[in-house]
Amino acid sequence: QVVIGITILCILTGLAIMQLATIRKFKADDQAYELTDVLGEARQNAIQQRRTFRVEINRTLGQITLINENTEGTAGDDEIEKIVRLKDSVTVGEIPNNIAGAPTATSPIPVLEPVWSNYPLSNGSEKITLRFARSGLVLDTGINHIGTNSVMRGATIYVFTNRERTTMPEVIRAVTVLQASGDTSILKCKFNETGRCGNWEK
């Protein structure tokens, strides 16, 4: 009976571990899809309404924010249109410590890392910012709080979860944004035999 009890306990423990891994996978996927939804909405709104929209991944406040910049050349009428909370135990906007190679595409998709904001609605927050112009182009933040001298900027944004009680990423997704069109994709990491992430697939 003791042996049977131990066997059952081992089976239940194994099932619990598998379930936790599955939950972490779904959390990373859900977060990546939520991010691409907001990015897509920003692109569509910018083209349809003929004005600039920006998306801020605010790590200080733990949220993704969709902002209508309204009047060009001023930040006084910037307006928040949507807020999506970042999920617990999911990291967004950091480079995982086991990345061996970033995704590639038809145009540059640099890996963006958070910087400190001087935009009024997020001043003092650490965030990643992408601005969607009415032309369909994707722009960076520029040199000040109204986006002066902003240039085209695509992006790779990592979304990942770690193994339980470790700092080792277990599930990694890369959200890519093409600078010339604003098109987004979600790529899944394929780990090699050493646990490094260097190959990507949709």
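User: In the hairpin of β9 and β10, which residue takes a positive phi?
Analyst: This is a predicted model, where local features need pLDDT of at least 70, side-chain atom pairs count only at pLDDT 80 or more, and totals for chains, interfaces and linings use all residues. Residues are numbered from 1 along each chain as its sequence is written, and side-chain values use heavy atoms, with hydrogens and water left out. The hairpin has 6 residues between its strands. The residue with a positive phi, near 80 degrees, is Gly182.

User: Over how many bridges do β9 and β10 pair?
Analyst: Strands are DSSP runs (E, at least two residues), helices are runs of H or I (at least four residues), and both are numbered from the N terminus. Two strands pair if DSSP finds at least two bridges between them. β9 covers residues 169–177 and β10 covers residues 184–191. Thr176 stands opposite Ser185 in β10. The two strands pair in the antiparallel sense, and the number of bridges is 5.

User: Which residue in the turn between β10 and β11 has a positive phi?
Analyst: β10 and β11 (residues 197–201) run antiparallel, joined by 4 bridges. Their hairpin has 5 residues between the strands. The residue in the turn with a positive phi, about 85 degrees, is Gly195.

User: Which residue does the disulfide join to Cys189?
Analyst: A disulfide is a pair of cysteine sulfur atoms within 2.5 Å. The structure holds 1. Cys189 also has a bridge partner in β11, Trp200. In the disulfide, the S to S distance is 2.0 Å and the partner of Cys189 is Cys197.

User: Are Cys189 and Cys197 buried or exposed?
Analyst: Buried means under 20% relative accessible area, exposed over 50%, and partly exposed in between (1.4 Å probe, protein chains only). Of the 202 residues of the protein, 42% count as buried. Both Cys189 and Cys197 are buried.

User: How much space lies in the largest pocket?
Analyst: A pocket is an open set of points on a 1 Å grid over the protein atoms alone, where a 1.4 Å probe fits, with protein on both sides within 12 Å along at least five of seven lines; lining residues have an atom within 4 Å of a point. Grid points are joined across faces, edges and corners, and a volume is the space filled by probe spheres set on the points. The lining has 19 residues, and among those nearest the centre are Thr52 and Arg131. The space in this pocket is about 290 Å³.

User: Is Thr52 buried or exposed?
Analyst: Thr52 lies in the loop between α1 (2–49) and β1 (53–58). Contact means heavy atoms within 4.5 Å. Leaving aside neighbours within four places in sequence, Thr52 is in contact with residues including Glu69 and Arg131. Its relative accessibility is 16%, so Thr52 counts as buried.

User: Which strand gives the largest share of the lining of the second largest pocket?
Analyst: About 170 Å³ of space lies in this pocket. Its lining includes Lys127, Ile128 and Thr129. The largest share, 3 residues, comes from strand β6 (residues 126–132).

User: How far apart in space are Asn118 and Ile146?
Analyst: Asn118 is found in the loop between β5 (115–116) and β6. At 41% relative accessibility, Asn118 counts as partly exposed. Asn118 and Ile146 are 28 residues apart in sequence. In space, C-alpha to C-alpha, the distance is 9.3 Å.
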